[in-house]
Amino acid sequence: MRRVFRKSNPLYLITDTGTAGLSHIEIARRAIDAGIRTLQLRDKNLPKKELYGVAERIAELSVRNRVTFIINDHIDIALAVNSDGVHLGQDDMPLEEARRLMGKGKIIGISTHTLPQAIKAREGGADYIGFGPMFPTATKNAGNPKGVERLRKIRQHLDIPIVAIGGITWENVHEVMKAGADAVAAVSGILRGDIMENTGHFMKALHKKNIPCIV
């Protein structure tokens, strides 16, 4: 199985300029300084030429700091800047075609919201799935919260990494990890306020609870 997430640091930060009040590049800098080692660049509105420039600079930061860098949606940009991988939604390019373009050496993650979607992603060769939203969240409209019980059910059927997402904070992260997540994707939980301080809270919560990290 491809190693996607670090056992000691299962935090997966998704950039959001609106939440942070910072540029994607500044978010990446501060997050890396805070100890984040998996980053996803996500921006649905930025013109593609500008997004490429941002991705290029974050890719450079990621290589220098040994950070796993994932790009949301845009396979062409991911290939152009040689990011570690791409994350796709249910309405994006089919997984099989994405793998043909990305090659076996790159990470491909798929957003899922149901067990059948999760199983299809696994069978199609995804390196990990995102599952959620776990709790209520205002960051993205992804439907009703799934809760930890559904995550436990997903875990029983999957042998690839699961990234839980949606409304995850340092106060509830232990519930999510104990339910079977291999990593937790955070947006507002880290970006709203001081990134260094929020990341510290997450890491303390994870280590204090002695949560087993599967991957």
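Buried means under 20% relative accessible area, exposed means over 50%, and partly exposed is anything in between, using a 1.4 Å probe and protein chains only. Keep that in mind as you click around.

This is a predicted model, where local features need pLDDT of at least 70, side-chain atom pairs count only at pLDDT 80 or more, and totals for chains, interfaces and linings use all residues. Residues are numbered from 1 along each chain as its sequence is written, and side-chain values use heavy atoms, with hydrogens and water left out.

**Stop 1: two tyrosines**

Select Tyr 128 to begin: with a relative accessible area of 0%, Tyr 128 is buried. What do Tyr 12 and Tyr 128 form? They make an edge-to-face aromatic pair, 6.0 Å centre to centre with 65° between the planes. Rings of Phe, Tyr and Trp (its six-membered ring) pair if their centres lie within 6.5 Å; planes under 30 degrees apart are stacked, over 60 edge-to-face, and the rest tilted. A search of the whole structure finds one aromatic pair. The pair links distant parts of the chain: Tyr 12 is in strand E1 (residues 11–14) and Tyr 128 in strand E6 (residues 128–131), 116 residues apart. Those labels are DSSP runs numbered from the N terminus, with helices (H or I) of at least four residues and strands (E) of at least two.

**Stop 2**

Slide along to Gly 132 and Pro 133, which are joined by a cis peptide bond with omega of about 5°. Pro 133 sits in the loop between E6 and helix H7 (147–157). Why stop here? Most residues other than glycine have a negative phi, and most peptide bonds are trans.

**Stop 3: two positive phi values**

Next, pick Asp 73, in the loop between strand E3 (68–72) and helix H4 (75–81). Asp 73 isn't a glycine, yet its phi is positive, near 75°. Then hop to Asn 82, in the loop between H4 and strand E4 (85–88). Asn 82 also has a positive phi, about 60°, without being a glycine. Is Asn 82 buried or exposed? Asn 82 is exposed, at a relative accessible area of 53%.

**Stop 4: helices side by side**

Show helix H2 (residues 24–34) and helix H3 (residues 48–65), whose axes come within 9 Å and cross at roughly 10°. That makes H2 roughly parallel to H3. Axes are lines fitted to C-alpha atoms, for helices over the stretch in contact, and angles run from 0 to 180 degrees between N-to-C directions. Angles under 35 degrees count as roughly parallel, over 145 as roughly antiparallel, 65 to 115 as roughly perpendicular, and the rest as oblique. To see the contact (heavy atoms within 4.5 Å), select His 24, Ile 25, Ala 28, Arg 29 and Ile 32 of H2, plus Val 54, Arg 57, Ile 58, Leu 61 and Asn 65 of H3.

Now try helix H6 (residues 115–123) with H7, packed at an angle of about 30° with axes 10 Å apart. So H6 is roughly parallel to H7. Here Leu 115, Ala 118, Ile 119 and Arg 122 of H6 meet Lys 153, Ile 154 and His 157 of H7.

**Stop 5: Thr 199**

Finish in helix H10 (residues 195–208), where you'll find Thr 199. Thr 199 is buried, at 1% relative accessibility. Leaving aside residues up to four places away in sequence, Thr 199 touches Leu 11, Ala 34, Ile 36 and Ile 190.
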